[in-house]
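Let's take a friendly walk through a protein model. Have a look at the sequence and the structure, then read on.

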Amino acid sequence: MAALKIPFFRYPHVFAQHREEVMSAMLLTMERGAYILQDEVRQFEEGIAKLTGARHVVGVANGTDGLIIALRAAGVGPGDEVILASHTYVATAAAVHFNGAKPVLVECGADHLIDARAVEAAITSRTRALLPTQLNGRVCDMEALSALAQRHGLLLIEDAAQALGARFQGRCAGTFGLAGMISLYPAKLLGCLGDGGLVMTNDDDMARRVRLLRDHGRNELGEVVTWGFNSRLDTVQAAVLLAKLKHYPAEMERRRALAARYRAGLSMLEDLTLPPGPDENGRYDVYQNYEVESGRRDALRAHLLEQGVGTLVQWGGKPVHRLSGLGFDQVHLPHTDRLFKRCFLLPMNTSLTDDEVDFICGAIRKFYGVA
Ligand SMILES: Cc1ncc(COP(=O)(O)O)c(C=O)c1O
C-alpha cells in the first residue's frame, strides 16, 4: 500500500523535530559513559517538577512500571479494590493486577473521562484507591474525585500517561492525589526515543519509597534497604528528554491551536461529536489525542483512508472490560460499549501543518456532503 499522505502518527518526527539538539545531547552523555542514574536524570526530573509544580519527580523505565511502583509504594495490595475507567489502556488495570489487587472498571462520561457518579456507585468496603486516567490530554473532574476520595478515605493516584502539563483549576495532571504517572513513550506528548516514564508526588515519604522501588531497593548510599525493581529512566533517554523539554510549552500551545482549527473546520457537522475546546470548564487541555464520535464511524474512517488520512481507535478498538482472558466477562458497561462503536482518533501531533488539518476537515465535510 502506498504511504498515506497524512499518517496517523509520524514516528520519525519524534527524532527529526529537534534532531541537532537531541543528537548533541545524546553524544555528550554517551561520550561521558553516563548511562545509569546520572545527572541528566536528575536535571530532567527537576525540569518536570518546574513545569508541573510537583514537589518530587522520579524517572522510571516506562509508564506502566511507574503505575506499578506508585501503587506498591502507596501500599495497595491483595484484598484491595482499585476503581478505574474501562476506557483506558490495559496497563492501568495491569498495574493494579500486578500488585495483587482487583481492578474495578467503571463507565466514562460524555467527555470520555471517568464518570465520578459511576465511581461513587462502585465504592465498597474493600475499595482502597481511585485511579482515574487523564485521557487524551484532559484532566478528569478532580474536584468531584478528590471529594469522593476524602469522604471515603481512599487513596487517589492518577494515570496521567497522556496528560503532561494539562491543568484543571490551575493544577497540573499528576499532582492532585498521592501520586501521578506520566508516560514518555515516543508517541506521547513528550516522547523519548524508546520507553520512559515518571512518577510525581507531593509527599516526601512517597517519593523516597518510589526512588527505592525503581532501583533495587537501594538508598542514596547504595545500600539495599527493601525489595525493589530495576526500573530506572535511562540517562541517554533523559538527555533526549531534557533537550526536548525546552520546546514542550510551545508544543502544548501548538496542539491546542490544532484542536481549535479542527473545531473551526468541523463544528458545523451534527453527526460528529468533538472534544471540548481548549479552555472549557476551567481546564487547560493539551490534546494528546483528538478523539471524536461519529454515528457513521467505520464508513467515515474508510473514506478518510481513501483520501490518504490515517485514523485510529484507541486500545485496538476495545475498552479494558472487552479484552478477553482478563476476567471481566461479567462486567457490563453499556455507555462505554456504545462509545466504542462511535469513537476514533483524528491525527493530532506536532508534525501536522495547518494545511493538513484543513485537508482532513475538508475530507470529513465532503463525506457529510457539507461544502
Ligand atoms: C492511559 C495510559 N496508561 C498507561 C500507559 C502506559 O505507559 P507506557 O507505555 O509508558 O508503559 C499508556 C501509554 O502507553 C497510556 O496511554
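Is Ala-260 buried, partly exposed or exposed? With 15 C-beta neighbours inside 10 Å, Ala-260 counts as partly exposed, because a residue is called buried if 20 or more other C-beta atoms lie within 10 Å of its own, exposed if 12 or fewer, and partly exposed in between, with C-beta atoms placed from the backbone.

Before going further, note that this is a predicted model, in which local features need pLDDT of at least 70 and side-chain atom pairs count only at pLDDT 80 or more, while totals for chains, interfaces and linings use all residues. Residues are numbered from 1 along each chain as its sequence is written.

**Around Ala-260**

Ala-260 lies in helix 10. Helices here are DSSP runs (H or I, at least four residues), as are strands (E, at least two), and they are numbered from the N terminus. Leaving aside residues up to four places away in sequence, Ala-260 touches Gly-277 and Pro-278; being in contact means that the C-beta atoms, placed from the backbone, lie within 7 Å. Pro-278 is 18 residues from Ala-260 along the chain, and their C-alpha atoms are separated by 7.0 Å.

**Helix 10 meets helix 13**

The axes of helix 10 (residues 248–266) and helix 13 (residues 354–367) come within 9 Å and cross at roughly 30°. These axes are lines fitted to C-alpha atoms over the stretch in contact, with angles running from 0 to 180 degrees between N-to-C directions. The two helices are therefore roughly parallel to each other, a label for angles under 35 degrees. Here are the residues that meet:

| Helix | Residues in the contact |
|---|---|
| Helix 10 | Leu-258, Arg-261, Tyr-262, Gly-265, Leu-266 |
| Helix 13 | Asp-354, Val-357, Asp-358, Cys-361, Ile-364 |

The residues of this contact divide into 6 nonpolar, 1 polar and 3 charged. Ala, Val, Leu, Ile, Met, Phe, Trp, Tyr, Cys and Pro count as nonpolar, Asp, Glu, Lys and Arg as charged, and the others, Gly among them, as polar.

**Two domains**

The chain is divided into domain 1 (12–245) and domain 2 (247–367), with bounds from an automatic or database domain assignment. Their C-alpha centres lie 24 Å apart. In the contact between them, 30 residues of domain 1 touch 27 residues of domain 2.

**A covered helix**

In helix 4 (residues 63–73), 11 of its 11 residues are buried. Among the elements covering them are strand 1 (56–60), strand 5 (155–159) and helix 8 (204–214). Just after helix 4, Gly-75 takes a positive phi of about 90°.

Note on methods:
Two residues are in contact if their C-beta atoms, placed from the backbone, lie within 7 Å. Angles under 35 degrees count as roughly parallel, over 145 as roughly antiparallel, 65 to 115 as roughly perpendicular and the rest as oblique.
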